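Subject: Structure handover

Hi,

Here is the structure I promised to pass on. Please load it first, then read my notes below with the view open.

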Amino acid sequence: MSLTSFDDFDSIAESCFLILPAARGSQPSPARKRKAKQQQKSSMAKRRGVEESATMDNDGFQTLISGMEPAGCMALRQNAFRALWDRSETIMDDILLGLNDSVRASIRDFVDMADRPSVQRLISMPYHEIPTALVSAGINVPDHDAQFSSIADTLITRSDDAPMGHFVARLASRACGSLTAMMTSMMDQLLAQHEISNKSRRGASNSAHAAEKAENDTDDDALDEDDEESGISYQLSALMTKPIKIASHDLQMLTGWYKHVVQSIADKAQWPRIVIILQDFEAFDSQVLDDFVTIMSQYRQQLPIQLIIGVATSIEILHQSLTKTTISLLRIEKFRLQKSTIWFGKALAQLFMDGISGLKFGPRPFKFLLDQFYLTDYSVRKVKASIKYAYMHHYYTNPLSIFLELFDEEEPVQRLISWHKQGLTSAHHASHLRMLWSFRRRVERLVDDKELLLAARLLEDDEFLLTEQLSAWIQELHAYHRAFRLAMATVGFLQQQAPTSRLAELSKLQLYQDILENPQWHEDDDGLLKHIRTFIHRLDADAIRPFLVSLAQFLANDVDDIDCDERKEWSSQVKRWISDLDAVTMTKAADDENDTATDDTNISTSVTKMPENKALALQADVTRQTKTAAKSQEKAIDHLKQKGSFTSRLLIDMANWLQRVLAHCLRSYTTLPMYELVYYPHVNLHERAFTPNPSASIHTALTQAQYYLNCTCCVQHPDQSLKPTEQDTNLIYESYLECNRLINLFDLFTAFSEKVSREPRPKKHPLEKNEIQARFIRSVAELQFLGFIKPTQRKTDHVLRLTWSAQ
């Protein structure tokens, strides 16, 4: 028996507790316990199924507005939620798969070509190296399952080099605690994959036989039963006259199975490889891995075994986990999957910035999504769960969520009229619309503009509000989203044109968050518009026309799917600048040919260039923030507008125009009516659902254990005796909350002894002092392990209290 030592954990009390086993005759047999446990689980599952079927009709959707919502509206919300989530999940999954297409293709090429004969291998080595693909998959291990699943699917797919595809086994550390379990799991997956492929080739005629084999594979003796049914036996020695029973983890059976599989393929280069994927390498036991790799290396002559190892931290973990002898048996090639941050940026951009329809996050939920991803574990699954949770909360609780699907339509008025005639929209929906903050602000603006008739009609006429006016507001939001997408695409184009400037350093997600949080973002002295203006002013005269031509091509080709009036206006303006610039260039070329005016032209050019360069330098200098510098910049710009050259005036016009149109298209969504129908503002539920708070949970468990243990008799305990759910650690924790910074262990022991003495016990087994001491030592050690106390050098019989906010 060996005791595990904790180097970094200096325990206050070191003790050994001996628990004697009970009498063998008083305990039920393992088989009987297993059977009773299965019966209990089945009965609980039946009860749970009956209860859930009664309460989870319609996927949990219920009629809102105090039950007065029509059933048709509930069905609309349910169908809209399914459609929106399916579309969003497809977008996120496609982005995730598309990021690593090239890496998966490279891994497939590596597997196909690893066993091909090479010219460099002229001498056979005494050991057999295993081709190994070392895949760096990122720090979030739970997300690796989807990545390695796609890699396995790529390897299984048939190709010209592998007509049967490759046999793949994915091994997880939780199922590979020992070498036997690891071998068994590997062989079960390989044989099951072969059965599935045989079933697909044989068709319906042998489907019953394949299903019987698949069921038998789940038993302990499945592999032997399959051999008897199929009539296949594996001859291990020439002296044997009949087949023998082999253990399910013996690789000799895998060797015989592989020979039987590939006997119909003449070309050895087309034989399928046996690929073993270890997707969470850091969690495997090092000794098990050493033995596994050594055994696999010994069978390399009979089996084309290859490894794919997934690492979450760094490549150095391979040298830390395996011995040098084991590493020498591997022929390693490194691959690196794309980081999850790239997926995160593309997914949010496509869902919230580039998407015109669908639910969008407000400033607080969007900031929570960014913080949850960047500040915790870069988890893809948590991001998807957060987005789905927002969709569910919006559609399950908001009766106005039925209007969100109308943003996919160009003319929603006809559908709104149809809903109103069918009774799907009623006065309750109109009341909820009138309670929105944007509606109140729009009515107040109408009153200020003396449009009293329209304001009164919005407040009194439900049919007008739910049909014509709501349709106009939806179209206004739709036009805003199209212009917003065009402006964000233009900002990306400008960042590509200035790769070395500060403009290119701005993050698209951070910019979007600033626009959501700050309605006055365009007035920031060091914001996006400032950097754009600086970039335009620093353009050389020879670079103006290429820049305008690139901008015109971008508006004509790259964003041609954005059908909005702004794109046409912008294209016309850019083409006008190009034509003006060409006209001035032609005029200047004609003047240069006039020999009589050469000297005058040179003089005028030198005169006009001096104030132009000086003004541009002043304008481009973003570090000069004094009032005097600002006044000098304004005077220089006014001078250039009046007497400057055409190039300087054009650059000033371009900067002002970009600043004006981007500020308009990227204005805050809160300036629009009915923005609450599109933007999700709630974040409190997300914080409670996705932000862990272990200190509060531990505090509640130690003070109110009856709720965690679901004990009804302990909720109201009349007498002063100890509750059955009160553990020793709970008792010490109660005294711990009353102590100061330094805790006297003797006082803590005295209080604990007083509380334990109230414990009901039989007369034949009274509470002894040694038992109290042992229980006290164990409870103090648990408090130290939980991080509530630690030893101190100031007083040997005292401990230091570490937590204060949990009270």
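Strand E2 is mostly covered, with four of its five residues buried. Bear in mind throughout that this is a predicted model. E2 pairs with E3 over five bridges, in the parallel sense. Within that pairing, Leu171 stands opposite Leu278 of E3.

Now the sheet that E2 belongs to. Five strands make it up, in the order E2-E3-E4-E1-E5. The sheet is open and its pairing is parallel. Its edge strands are E2 (167-171) and E5 (330-336), each of which pairs on one side only. From one strand to the next, the twist averages 20°.

If you colour the strands by side chain, keep one rule in mind. In a regular strand, side chains alternate between the two faces of the sheet.

The pairings in detail:

- E8 (residues 742-744) and E10 (residues 798-801) run antiparallel, joined by three bridges. Asn744 has His798 as its bridge partner in E10.
- E9 (residues 789-791) also pairs with E10 over three bridges, in the antiparallel sense. Ile789 stands opposite Arg801 in E10, and Lys790 stands opposite Leu800.
- E9 and E10 form a hairpin, with six residues between them.

On to the helices. H13 (residues 363-377) and H20 (residues 508-517) pack at an angle of about 150°, and their axes are 9 Å apart. That angle makes H13 roughly antiparallel to H20, because over 145 degrees counts as such. The crossing of H13 past H20 is left-handed. Which residues of H13 and H20 make the contact? On the H13 side they are Pro363, Phe366, Lys367, Leu370 and Tyr374. On the H20 side they are Leu509, Tyr512, Gln513, Leu516 and Glu517. By class, the residues of this contact divide into seven nonpolar, one polar and two charged.

The numbering of such contact residues is worth a look on screen. An α-helix has 3.6 residues a turn, so residues three or four places apart point the same way.

Is H30 (residues 728-736) largely enclosed or largely open, and why? Eight of its nine residues are buried, so H30 is largely enclosed by the rest of the structure. The buried residues are Asp728, Thr729, Asn730, Leu731, Ile732, Tyr733, Ser735 and Tyr736.

Some of these residues turn up again at Ser779. Ser779 lies in helix H32 (residues 769-786). Its relative accessible area is 1%, and the cut-off for buried is under 20%, so Ser779 counts as buried. What does Ser779 touch, leaving aside its neighbours within four places in sequence? It is in contact with Asp728, Thr729 and Ile732. Asp728, Thr729 and Ile732 are among the buried residues of H30.

Last, the overall figures. The protein has 32 helices and ten strands. Of its 807 residues, 42% count as buried. Among contacts with a separation of 6 or more, 73% come from residues 24 or more positions apart.

Best wishes

Conventions. Residues are numbered from 1 along each chain as its sequence is written. This is a predicted model: local features need pLDDT of at least 70, side-chain atom pairs count only at pLDDT 80 or more; totals for chains, interfaces and linings use all residues. Side-chain values use heavy atoms; hydrogens and water are left out. Axes are lines fitted to C-alpha atoms, for helices over the stretch in contact, and angles run from 0 to 180 degrees between N-to-C directions. Helices (H or I, at least four residues) and strands (E, at least two) are DSSP runs, numbered from the N terminus. Angles under 35 degrees count as roughly parallel, over 145 as roughly antiparallel, 65 to 115 as roughly perpendicular and the rest as oblique. A crossing is left-handed if the near helix is turned anticlockwise from the far one by less than a right angle, and right-handed if clockwise. Contact means heavy atoms within 4.5 Å. Ala, Val, Leu, Ile, Met, Phe, Trp, Tyr, Cys and Pro count as nonpolar, Asp, Glu, Lys and Arg as charged, and the others, Gly among them, as polar. Two strands pair if DSSP finds at least two bridges between them. Buried means under 20% relative accessible area, exposed over 50%, partly exposed in between (1.4 Å probe, protein chains only).
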